Amino acid sequence: MAQQKQVTDTIAEMLKVKAQQKHVLVGLASVIKGLQRGTVEKIFLASNSPVKMKEDIMHYAALAKVPVEMLAQNNEELGIICKKNFMVSTVGLLRGESPH
């Protein structure tokens, strides 16, 4: 369980840094557009993302062959990680920006 917490913290820290550097897309519409354009390298979904949103993201990600990772954080926590004043359910990491 401690290892899972460490991985979760590592991902949260990486997303925080990438958001500060503006190397992420936030929100369903932006992430789907990024997938269609081929600019998204990896997608992160909040633990409480709506089912329809998950299905849409999984569909477009499969077409673009982009991995999707479910986070332990909910959309409120993901919004805080990304330094947004609102809840965030979907984050896309832009290509060319290493996730580690």
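Trainee: Which side chain meets that of Asp56 in a salt bridge?

Mentor: A salt bridge is a side-chain nitrogen of Lys or Arg within 4 Å of a carboxyl oxygen of Asp or Glu. Here the partner of Asp56 is Lys52, at 3.2 Å from N to O. Please note that this is a predicted model, in which local features need pLDDT of at least 70 and side-chain atom pairs count only at pLDDT 80 or more, while totals for chains, interfaces and linings use all residues. Residues are numbered from 1 along each chain as its sequence is written, and side-chain values use heavy atoms, with hydrogens and water left out.

Trainee: How many residues apart are Asp56 and Lys52 in helix H3?

Mentor: Helices are DSSP runs of H or I with at least four residues, strands are runs of E with at least two, and both are numbered from the N terminus. Asp56 and Lys52 are 4 residues apart in H3, so about one helical turn separates them.

Trainee: How many salt bridges does a search of the whole structure find?

Mentor: The search finds 3. One of them joins Lys16 to Glu13, with the closest N and O atoms 3.9 Å apart; both residues lie in helix H1 (residues 2-20). In another, the side chains of Lys42 and Glu69 meet at 2.9 Å, N to O. That pair links distant parts of the chain, with Lys42 in strand S2 (residues 40-45) and Glu69 in strand S3, 27 residues apart.

Trainee: Is Lys42 buried or exposed?

Mentor: Buried means under 20% relative accessible area, exposed over 50%, and partly exposed in between, with a 1.4 Å probe and protein chains only. Lys42 is buried, at 18%, whereas Lys52 is exposed, at 53%. Asp56 is partly exposed, at 22%.

Trainee: At what angle do the axes of helices H2 and H3 cross?

Mentor: Axes are lines fitted to C-alpha atoms, for helices over the stretch in contact, and angles run from 0 to 180 degrees between N-to-C directions. The axes of H2 (residues 28-37) and H3 (residues 51-64) cross at roughly 15° and come within 9 Å.

Trainee: Which residues make the contact?

Mentor: Contact means heavy atoms within 4.5 Å. H2 contributes Leu28, Val31, Ile32, Leu35 and Gln36, and H3 contributes Met53, Ile57, Tyr60, Ala61 and Ala64.
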